[in-house]
Amino acid sequence: MPLRHHPETSLPPAARLHVRRASKRYGEERALDEAHLEVAAGEIHALVGENGAGKSTLIRLLAGVETPDMFDAALDGDVLDPSSPADAHAMGLRFVHQELNVVPALSVAENLFLGRPYPRHALGLIAWRRLHREARGVLERLGVTHIEPSTPMYELRPGDAMLVALARAFVTSDAHATPPRVYVFDEPTASLSRRETELLFRVIRELKMQNVSVLYVSHRMDEILELTDRITVLRDGSTVATVDTATTTRDALIHAMTGRTWQAFREPEPGEEGTANVTLHVQGLRNAHLEDVSLDLMAGEITVLTGLAGSGRSELLRALMGADPLEAGRVTLAGRTLIDAPRQRIDPHAAWRAGVAYVPEERRSEALWMSGDVRSNVLLPHLQRVTRFGMARRSLERREAAQWTERVDLRSRGLHQVVRELSGGNQQKVVFARALAASPRVLLLDEPTRGVDVGAKNEMYDLIRDAAARGTAILAVTSDLEEVFTLADRVLVLARGRLVLDARAATLDRAAILSASFDEGAVAA
Amino acid sequence: MIRRFGTLLGLIAIIATFSVLRPDTFMTVPNWLNITQQVSILAVVAFASTIVMVTGAFDLSVGTMASLAGMIAAAAMQADLGIPLALALALTAAAVGGAFNGFLVAYLRIVPFVATLGTLTMFGGFALLVSDGSTIYGRAIPAAFGGFGRGGIPLGTIDGRAVLLPNLTLVAAGVLIVTWLLLEHTGYGRRLYAIGGNRVAARLAGVRTRLALLGAFVASGVGAGIGGLMLASRLASANPTQGDGLMLNAIAAVFLGVTLSQEGEPRVLGTLVGVTILGVLANGLTQLQIDTYVQQVLTGVIVVGAVAVGSLRRREA
């Protein structure tokens, strides 16, 4: 049943949270365009949408961390216009974010009361015993009895740490404050085990019993269908549907999110891909983020890897670069063994030398030396080539740097301009020039066009195609479905560290990719 | 502009002040040659410290390493091993000590402050062990070794007195050139700056960051060792704590130099300016017969002032 014919269901009588119109632009981009949302009292309401549909922006507006362009909303009939996180908290909104925001060195109890008044003795000293008692009470409300409040946060496993972060939203401050009216959960189960997820669901259902509302943001369709009462779908910043969970299906939701019909994809014919051109052969990679990943990269082919956040897509590239440790797996490059974990490992230095070039995900923190100049940034992995007996040869350096910055059409005041002064797109071109200067056999790209404008984006695409045409095997990670289809000869999808889809791009549509991303294993057949 | 080169202008102002207050003695060739000799030891240690500080780390152990190296050389000479072997032993110990620092920081990932604070104490202890706590001087030190530190190349005579270009000044100049070439003209230097700029990015771009850091600490140790040998030569004696005070001044000199750089990273020529400021101040204030305690306060005020101005500039940028 396509959802767009049922854009709204009848509203329950008591609307707790009513966002009539919310808009927000970032530069040219409309992140939210008159989105609307209605959550009833005592309702568990899901908010779904593709990456970039506007879910996070809407939550940030509710939390008061972002200034809206337009925000017309009410909470229990009163105007809701939070100007700061404290403001939102005072109005009775509670947020549990994806990022834990905990202080590892402090105890569980201290983290629970972080930023709230600690209980105190008469002299103003902290009443530690009372603090621990109250912390234990908060955890017990969640059904958590195995975490000792005095334990330092860093000793907890990720799942337990998430439970503490959740519990923090249940700390009641002083008696005069507004009791919580709406809880917003942003991808709370990303690092939880199944058992921990069930604990969380129990708590959420208990909240519902107390007539508290829950806004639940998740990519996991099975959870949404199991837990929620109604679902609001965002697409391109606008609300496209609100439906009763009981009357919808997974496919109908994906259809609403993508605006396209789900089509079964065609499995590649056996033998369609020869092994003659295999540049990089990857067999059974396994580490903390990857489970038994095997794939081949062909010379001259653009393979695009996608999947949800936390699916292991960046970690796969890092493992191939030798940036993260591997427990098991073999990688051969043009027939030569590069990695044979755990016996033979590599580091990024060895990967570059073997002809693997890498564009990391985070330009500022992982790729560029911001206070260095263009020339040094481009040549950093290639210094061996432009030095003799360790001494730099200026003219050779200049020539090399000029050649590759011209190739990427870098707009700068010269090779000595400091990278920090360049625009985002030009900074990314510096990273590209660095990778291309390796004349790589394998080019690993992690979100190659993140944060660059449309013009620069197209230039990047041309550079990638050009590199492929020269025989480089390309593996590009992207979370942008448009980009998948713009670039890909072949598409890989990872879900929770497993490769769940490996097919020619021409045989796929958006829905097939999303479907594979959301429910691991379900599509692999 | 004024802020960027404030430190340099400060140096010029200091020189001008002393020139006016001591017109007969300050701005003279012999006095300036004297200053270069006075700062040569600090300069060598500061240049070597610059190499480590380029990577964003620092090395607190250079002072006691200087003491230790001087002590080892003196003990070896006392045992009649000859000057060449004594120097080789001292410098080898300095390289090993530096490598140990590098191992702690790069491979065990101990914070440089803590790691080198620990080895500072260790090296100081070794110096005391080697000498059994006593000073080695007099006939135990060969005349050639002691003579080097006081000698120089004759330049001619002024007012009937021989003027020498001090040997120690030449050593410092040599270390300056080597350090400058290393940092500004080698691939290794470029990698060190990249590590200081963004260690994660440097690693992902194929720089062997741990090995590079290890090398920087070895260089720092060897530089400290050379400084310690120069000091022992100049004094023609070695006591187990004579180099300890070099560390604070070396780091201060590097920070003074940092205020001159556009991007806030250490440059060895900046360090040279820093060393010069400290040397000129000490020389001029002594000529003005200002109490050494007051000298110390003034030096501290100038270091803090220069760095404060530098950080204000960066906040505006």
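A residue counts as buried if 20 or more other C-beta atoms lie within 10 Å of its own, as exposed if 12 or fewer do, and as partly exposed in between, with C-beta atoms placed from the backbone. Keep that in mind.

Ground rules next. This is a predicted model, so local features need pLDDT of at least 70, side-chain atom pairs count only at pLDDT 80 or more, and totals for chains, interfaces and linings use all residues. Residues are numbered from 1 along each chain as its sequence is written, and chains are lettered from A, ligands numbered from 1, in the order in which they are written.

Chain A, then. Its secondary structure comes to 17 helices and 22 strands. Helices (H or I, at least four residues) and strands (E, at least two) are DSSP runs, numbered from the N terminus. The C-alpha atoms fill a box of roughly 75 × 60 × 45 Å along the principal axes. Buried residues make up 48% of the 525 residues in chain A.

The domain bounds come from an automatic or database domain assignment. For chain A they give domain 1 (1-92 + 178-259), domain 2 (100-177), domain 3 (271-355 + 440-525) and domain 4 (369-438). The centres of domain 1 and domain 4 of chain A are 46 Å apart, taken over C-alpha atoms.

Now strand β3 of chain A, residues 44-48. Is β3(A) enclosed or open? Five of its five residues are buried, so β3(A) is largely enclosed by the rest of the structure. I44(A), A46(A) and V48(A) point one way, while H45(A) and L47(A) point the other way.

Who are the neighbours? Two strands pair if DSSP finds at least two bridges between them. β3(A) pairs in the parallel sense with β8(A), residues 213-217, over four bridges. There, A46(A) stands opposite Y216(A). β3(A) also pairs in the parallel sense with β9(A), residues 230-235, over four bridges. Here H45(A) stands opposite R230(A).

Another sheet in chain A is open. Its four strands run in the order β2-β1-β4-β5, with antiparallel pairing. The edge strands are β2 (29-40) and β5 (78-79), each pairing on one side only. β1(A), residues 15-26, and β2(A) share eight bridges. L17(A) has V39(A) in β2(A) as its bridge partner.

On to a helix. Nine of the nine residues of α17(A), residues 510-518, are buried, so α17(A) too is largely enclosed by the rest of the structure. R510(A), S515(A) and F518(A) are among them. The cover includes α7 (221-227), α16 (481-487) and β22 (498-504) of chain A.

Next, the core. A nonpolar core is a set of buried Ala, Val, Leu, Ile, Met, Phe, Trp, Tyr and Cys residues joined through C-beta atoms within 7 Å. The largest one has 258 residues, and L444(A), L42(B), V44(B), V45(B) and A69(B) touch the most other members. Helix α10 (209-235) of chain B gives the most to this core, with 14 residues. Two residues are in contact if their C-beta atoms, placed from the backbone, lie within 7 Å. Leaving out residues up to four places away in sequence, L444(A) touches residues including L317(A), M321(A), Y358(A) and L475(A).

Last, where the chains meet. The contact takes 21 residues from chain B and 26 residues from chain A. On the chain B side, α8(B), residues 187-197, gives the most, with seven residues.
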